[in-house]
Each structure stands twice: as C-alpha cells, then as structure tokens.
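User: I'm new to this structure and would like a close look at one spot in it. Could you pick a single residue, walk me through its surroundings, and then zoom out?

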Amino acid sequence: MAKTALVIIDMLNTYDHQDADELVPSVEQALPSVVRLLEEARRRGLPVIYANDNFGKWRSHHGEILQAALAGPHADLVEPVRPDADSYFIVKARHSAFYETPLAYLLGTLGVSHLVLCGQVTEQCVLYSALDAHIRHLRVTIARDAVAHIHADLAGAALSMMEVNMAARVVPAAEALT
C-alpha cells in the first residue's frame with residue numbers, strides 16, 4: 001500500500017494581497033474540510049507537509065511566516081490549521097510546491113508515493129503542485145471541498161484538468177485519505 005502524506009498549500013496566508021477579497025470567502029468555505037483532513041491525517045500518523053509561499057521575504061522561515069499570518073487580518077483562517085511540532089514545512093517561492101524546494105527529496109525520504117492536496121489556490125498553486133507530483137509519478141488526490149479559489153470557473157477547469165490529464169482522484173475531503 002502506498003504511503004500517503006497530506007500537503008497543505010498556502011493556508012498560512014496574510015491575506016494582504018490584491019486578490020484577498022475574492023479569495024477569503026472561498027477559504028472560509030473550504031476551511032472546515034481542511035481542518036477535518038488535518039485532524040484525520042494527524043490521527044492516522046500520516047506526514048503533514050505545509051508548502052507555503054514566503055511572500056517574497058527571502059530571509060523568512062516557517063515560524064516567521066506563521067507569525068505574520070497570525071498577525072494578519074484573517075488570523076481566524078490560519079489558527080485552525082497551524083502546524084504542530086510533528087509537521088513538515090517547505091517554503092516555496094513560486095506556484096508549485098515542488099519548484100526549487102526540497103519536497104521531492106522529503107517525500108522520498110519518508111517513502112511517500114501518494115499525496116492528498118488541499119489549500120489554496122486551486123487554479124494556481126494546487127494545479128501546478130498536482131502537475132509536478134504527476135510528472136514525478138506520484139499518485140495525487142485532490143480534496144475538492146478543501147481547496148479554495150479566486151476564480152470559480154478557472155478552479156472548475158483546473159479540477160477537471162487534474163482529473164483528466166493527470167489521473168488525479170478528485171473527491172470530497174471525507175474520502176481523500178482512503
């Protein structure tokens with residue numbers, strides 16, 4: 001059986017960017033499913049990996065990213081998904097969680113061959129991370145109710161692309177870890 005890891009993409013967010021007003025309602029809708037996935041992954045002892053943007057702060061580390069997000073205007077969207085001491089953290093600078101990060105190495109070290117992706121933004125970072133996982137021959141599951149979007153129509157197209165072109169399972173969060 002393939003070892004599974006939960007990858008939480010860009011949920012530690014300051015929400016002080018151009019698209020925040022469009023993004024926040026979708027995050028509020030996806031958050032309960034992200035929290036349930038996180039709790040279930042922790043309960044099962046699965047690796048939980050946060051892949052988070054550094055917001056252009058090149059001297060930052062995961063603690064600073066978390067503190068900035070918790071100090072932002074939507075700390076209520078960050079607090080429920082804050083990393084614990086067992087969580088892994090990958091700082092990313094571009095859309096994909098794999099691009100110029102040690103994620104592939106970490107997954108190999110952990111023996112992970114199946115990723116469950118959740119977080120934001122479906123039509124960008126989730127899509128590109130899924131593609132990079134696919135080209136690395138990893139199985140990918142997208143928890144469709146645990147991903148947030150800016151543009152609903154593009155998010156729908158992205159989910160279809162992941163399912164059709166990348167053979168990703170696109171399922172409700174309740175089924176994602178099965």
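Analyst: Let's go to V81, which sits in the loop between helix 3 (75-78) and strand 3 (88-92). Helices here are DSSP runs of H or I with at least four residues, and strands are runs of E with at least two, both numbered from the N terminus. This is a predicted model, where local features need pLDDT of at least 70, side-chain atom pairs count only at pLDDT 80 or more, and totals for chains, interfaces and linings use all residues. Residues are numbered from 1 along each chain as its sequence is written, and side-chain values use heavy atoms, with hydrogens and water left out.

So is V81 buried or exposed? V81 counts as buried because its relative accessibility is 0%; the cut-offs are under 20% for buried and over 50% for exposed, with partly exposed in between (1.4 Å probe, protein chains only). Setting aside neighbours within four places in sequence, V81 is in contact (heavy atoms within 4.5 Å) with M11, L12, L31, V34, V35, L38 and Y50. Take L38: it is 43 residues from V81 along the chain, yet their C-alpha atoms are separated by 7.4 Å.

Now zoom out. Of the 178 residues in the protein chain, 52% count as buried. Among contacts between residues at least 6 apart in sequence, 80% join residues at least 24 apart. The protein chain has seven helices and six strands, and from the N terminus the order is β-α-β-α-α-β-α-β-α-β-α-β-α. Its C-alpha atoms fill a box of roughly 40 × 35 × 30 Å along the principal axes.
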